[in-house]
Amino acid sequence: MTGAENKTAGMPEIIFGTYKLENGSPAAEAVREALSAGFRAFDCAYSYGNDFYVGRGLKESGIPREELFVTNKLWKSFRGREKTVELCKKSLKLMKLSYFDLYLVHWPCPVTEDGWEEINLDTWAGMEALYAEGLVRHIGVSNYKPHHLEALMKGGILMKPEVNQVECHPGFVPEETVAYCKAQGIVPQGWRPFGKDAGAAADPLVAEIAAGHDATPAQVCLAYVRAKGLTPVCRTKTPERMKENLGALSLRLSEEDVARIDAMEQTYASGYDADTHPPAD
């Protein structure tokens, strides 16, 4: 892979998100543009509805598969061992890939649902089966809170999650979850680094800090997520913005910068909560 890889953790340092990429040729074109800009890691999900065209963009680029890091996610309506294996194979077929570098459980079963621990464990058994079969090289979760992770790891699983992808941006950091992941050796990734409707990137404080570094507000958002110890997953359809986002890898915020952003009012959050308000099926 390129410099956009963390050699120590074996995971990318920045990831191109495919959420809301218009299905069809526009999705394939955006992927090719991202590859041309220098991205080599891509975050996909069955629920995004564009697996086929994202896979086409990867294939048409001509970049060798071994230079790519492709993540996909299991949607919550496919919980359980058998459905987990079935959906992963379907996504691989759609993308014309023989394996995923990383496969994530998109959302946990909420604690308000009877038997949530058993449902999550049964789903995780499917993830372990995919790993054993060589269809995925790493397995993890998304939007899991500490109690979801604890229940998994106390359930006699063979492998613990390697990644937990959670919302993170200026104005919203799930500190407890991130701390728990770090203590457990789970790599935290951060989705929506610019906040809901890119609100964090438009915040006056973020703009002020960006001006002090001769950087852009978007770069400050990405640098902040990285300073908090998470790998950012960022999305844009614009080639110039793709290069701009990659440029955030060289931006280092000062401790004062991070502290000022930490002190921001909790805002720009999606409102999604794994236990109370996850996205609808």
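This is a predicted model: local features need pLDDT of at least 70, side-chain atom pairs count only at pLDDT 80 or more; totals for chains, interfaces and linings use all residues.
**View 1. Packing of helix α8 against helix α10.** Helix α8 spans residues 217–227 and helix α10 spans residues 255–262; their axes lie 11 Å apart and meet at an angle of about 95°. Because angles of 65 to 115 degrees count as roughly perpendicular, α8 and α10 are therefore roughly perpendicular to each other. On the α8 side the contact is formed by Val-220, Tyr-224 and Ala-227, and on the α10 side by Val-258, Ile-261 and Asp-262. By class, the residues of this contact between α8 and α10 comprise 5 nonpolar and 1 charged, with no polar residue.

**View 2. The largest pocket and its lining.** The space in the largest pocket amounts to about 840 Å³. Its lining consists of 34 residues, and those nearest the pocket centre are Tyr-19, Lys-20, Trp-191, Arg-192 and Arg-235. At least two lining residues come from each of α8, β10 (231–234) and α9 (239–247); α9 gives the most, with 3 residues. The lining of the largest pocket divides into 15 nonpolar, 10 polar and 9 charged residues.

**View 3. The second largest pocket and its lining.** For the second largest pocket the volume is about 360 Å³. Among its 20 lining residues, Lys-145, Phe-172, Pro-174, Thr-177 and Asp-273 lie nearest the centre. Two or more residues of this lining are given by each of α5 (146–153), β8 (163–167) and α6 (175–184), and α6 gives the most, with 3 residues. In the lining of the second largest pocket, 10 residues are nonpolar, 5 polar and 5 charged.

Note on methods. Residues are numbered from 1 along each chain as its sequence is written. Side-chain values use heavy atoms; hydrogens and water are left out. Axes are lines fitted to C-alpha atoms, for helices over the stretch in contact, and angles run from 0 to 180 degrees between N-to-C directions. Helices (H or I, at least four residues) and strands (E, at least two) are DSSP runs, numbered from the N terminus. Angles under 35 degrees count as roughly parallel, over 145 as roughly antiparallel, 65 to 115 as roughly perpendicular and the rest as oblique. Contact means heavy atoms within 4.5 Å. Ala, Val, Leu, Ile, Met, Phe, Trp, Tyr, Cys and Pro count as nonpolar, Asp, Glu, Lys and Arg as charged, and the others, Gly among them, as polar. On a 1 Å grid over the protein atoms alone, a cavity is a set of points where a 1.4 Å probe fits but cannot get out, and a pocket is an open set with protein on both sides within 12 Å along at least five of seven lines; lining residues have an atom within 4 Å of a point. Grid points are joined across faces, edges and corners, and a volume is the space filled by probe spheres set on the points.
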